[in-house]
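Please look through the structure below before reading on. The paragraphs that follow go from ring pairs to cores, a pocket and some backbone details.

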Amino acid sequence: MKNTLEYIKKNRDRYIEELFELLKIPSISADSAYKQEVLKCADKVADYLRKSGVDQVEICQTKGHPVVYGEKIIDTSFPTVLMYGHYDVQPPDPLGLWDRPPFEPYIKKTPIHPGGAIFARGSADDKGQFFMHIKAFEAMSATGELPCNIKFIIEGEEEIGSVSLGDFLTKNEEKLACDCVLVSDTHIYSLDQPTITTGLRGLSYMEIEVEGPNRDLHSGLYGGAVPNPINILCKIIAELKDENGRITVDGFYDNVEVVSDEERKEMNKLKDDPKKYKKAIGLKALEGERGYTTLERTSIRPALDCNGIWGGYTGEGAKTVIPSKAFAKISMRLVPNQTEGEVVDKFTKYIKKIAPASVKVKVKPMHGGLPYVLPVTTKEYLSAKKAMERSFNKGVLPYRSGGSIPITSLFEKILGVKVVLMGLGLDTDALHSPNEHFGLYNYFKGIETIPLFFKYYTSEDV
Ligand code: BES
Ligand code: MN
Ligand code: MN
């Protein structure tokens, strides 16, 4: 892989410039006003795949935003790695909190990234990360050092729950046939302690609507005698967790996997310094489920959070009103053996049970996905570990992440293969937040690590 590494070094500036072009396109999947931009981004990705030497590049239509596909089959008797990523991004709001416009990428040094980081929406999640694969492929291909077949599947709906991709996998099972799936859409624990993500939590995202009076009422004329949907909704939400930080939904923990003391001990080797952790997010104290560490609370234990709440008057000044309706969006992060369907059911029943008879309550599931765990005994894990250890020149540990990538469990279910999550970001990269960024060091470390993964994965012994 010596020539590959040299090629990467030589093409460093172009590798940055090309990524900038992708980052300039506001491919916001959630907002239909950006539909054309999403298409434009798919085109650009397809273009880059072609230019990097990928064959059979196509833009595949789905019910939603298109999937970009490409492959390079050098020998059908060689193993095939399927690389997955997403070219859609989260909405950049609130715009006022960005130092510079979100779709005008620029490089700036930070204390964590003394070598500079690329600031733009999508830089770390996930354009910068899937682009590492295209550029690593280009380098391997150009130098004749590609050791196996590769397929690319880069979708445009990950940030809205990969709603069309399950269907796409089922319909294209043969075309997507592979030996493993490789994804860079997560982060390492830190630059001093590189990790391979061995777990993702599942997700169940719900919306609640509480309806009280049939119209907004004067809060003086009616106040004191009628149910207020906002008050009631707040009470419902407050009741979803008890004083020990446990979720109160009946039967919520029934299927939750019990992680052995041994594994818990092992995972807690990654130690969060609570002071640093709190300081980084501006908190005086943390809270969560009693009996578990912060690391455990955000990986092997489920969580429930209100993501948004609205209703009544929120404009300037004061308006005296009892609103007719109030709404909330609630996400639950799931862990192994919990299923979306089961959780949706239990949650809906529980909300209906605790809601007072004075209001009407609707509970609607939005989207979700299953958790995923990659055993540390697999060839996939061991190859990724070896590749990272070589490129970082440091020991690598497994790390179960709290985030979700709903499609991972479907890759396993539909294609019957393991998924390796070799993300190169950092948890400080401000994913989904203003001033999202991706370290240049991380970007090039990724481009250098990927060929090593290919090398170890295709060799006999790892
Ligand atoms: N790349 C993230 C998930 C992620 C980030 C996992 C860092 C682990 C570490 C992905 O794009 C994402 O944002 N997923 C969403 C779920 C999706 C259905 C909107 C999430 O986790 O909230
Ligand atoms: Mn992502
Ligand atoms: Mn995301």
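The structure holds 11 aromatic pairs, where rings of Phe, Tyr and Trp (its six-membered ring) pair if their centres lie within 6.5 Å, and planes under 30 degrees apart count as stacked, over 60 as edge-to-face and the rest as tilted. Tyr 106 and Phe 119 make a stacked pair, because their ring centres are 5.4 Å apart and their planes stand at 15°. Tyr 106 belongs to strand E4 (residues 106-108) and Phe 119 to strand E5 (residues 117-119), so the pair links distant parts of the chain, 13 residues apart. Helices (H or I, at least four residues) and strands (E, at least two) are DSSP runs, numbered from the N terminus. This is a predicted model, in which local features need pLDDT of at least 70 and side-chain atom pairs count only at pLDDT 80 or more, while totals for chains, interfaces and linings use all residues. Residues are numbered from 1 along each chain as its sequence is written, chains are lettered from A and ligands numbered from 1 in the order in which they are written, and side-chain values use heavy atoms, with hydrogens and water left out.

Buried means under 20% relative accessible area, exposed over 50%, and partly exposed in between (1.4 Å probe, protein chains only).

Strand E5 also holds Ala 117, which is buried with a relative accessible area of 0%. Leaving aside neighbours within four places in sequence, Ala 117 is in contact (heavy atoms within 4.5 Å) with Tyr 106, Ile 107, Lys 108, His 437, Phe 438, Gly 439 and Leu 440. Ala 117 and Pro 371 are 254 residues apart in sequence, and their C-alpha atoms are 31 Å apart in space.

Tyr 443 leads on to the cores. In soluble globular proteins, nonpolar side chains tend to be buried together. A nonpolar core is a set of buried Ala, Val, Leu, Ile, Met, Phe, Trp, Tyr and Cys residues joined through side-chain atoms within 4.5 Å. The largest one has 86 residues, and Tyr 443, Phe 453 and Phe 454 touch the most other members. Helix H13 (residues 440-458) gives the most to this core, with 10 residues. A second, separate core has 30 residues, including Ile 208, Leu 233, Tyr 253 and Val 359.

Which residues does Phe 454 contact, leaving aside its neighbours within four places in sequence? They are Val 81, Met 140, Leu 146, Pro 147, Cys 148, Ile 150 and Leu 182. Val 68, found in strand E2 (residues 67-72), counts as buried at 0% relative accessibility. Not counting residues up to four places away in sequence, Val 68 touches Ala 42, Val 45, Ala 46, Leu 49, Glu 58, Tyr 87, Phe 152, Ile 153 and Ile 154.

Next comes a pocket. On a 1 Å grid over the protein atoms alone, a pocket is an open set of points where a 1.4 Å probe fits, with protein on both sides within 12 Å along at least five of seven lines; lining residues have an atom within 4 Å of a point. The second largest pocket holds about 240 Å³ of space, a volume being the space filled by probe spheres set on the points, which are joined across faces, edges and corners. Its lining includes Thr 198, Glu 257, Val 373 and Arg 400. Helix H7 (261-267) and strand E16 (397-400) each supply at least two residues of that lining.

Some backbone details remain. The peptide bond from Asp 93 to Pro 94 is cis, with omega near -5°, and Pro 94 is found in the loop between strand E3 (80-86) and E4. Another cis bond runs from Asp 125 to Asp 126, with omega near 5°; Asp 126 is in the loop between E5 and helix H4 (127-142). Gln 56, in strand E1 (residues 55-60), has a positive phi of about 55° although it is not a glycine, and is exposed at 54%. Asn 435 has a positive phi of about 60° and is not a glycine either, but Asn 435 is buried, with a relative accessible area of 15%.
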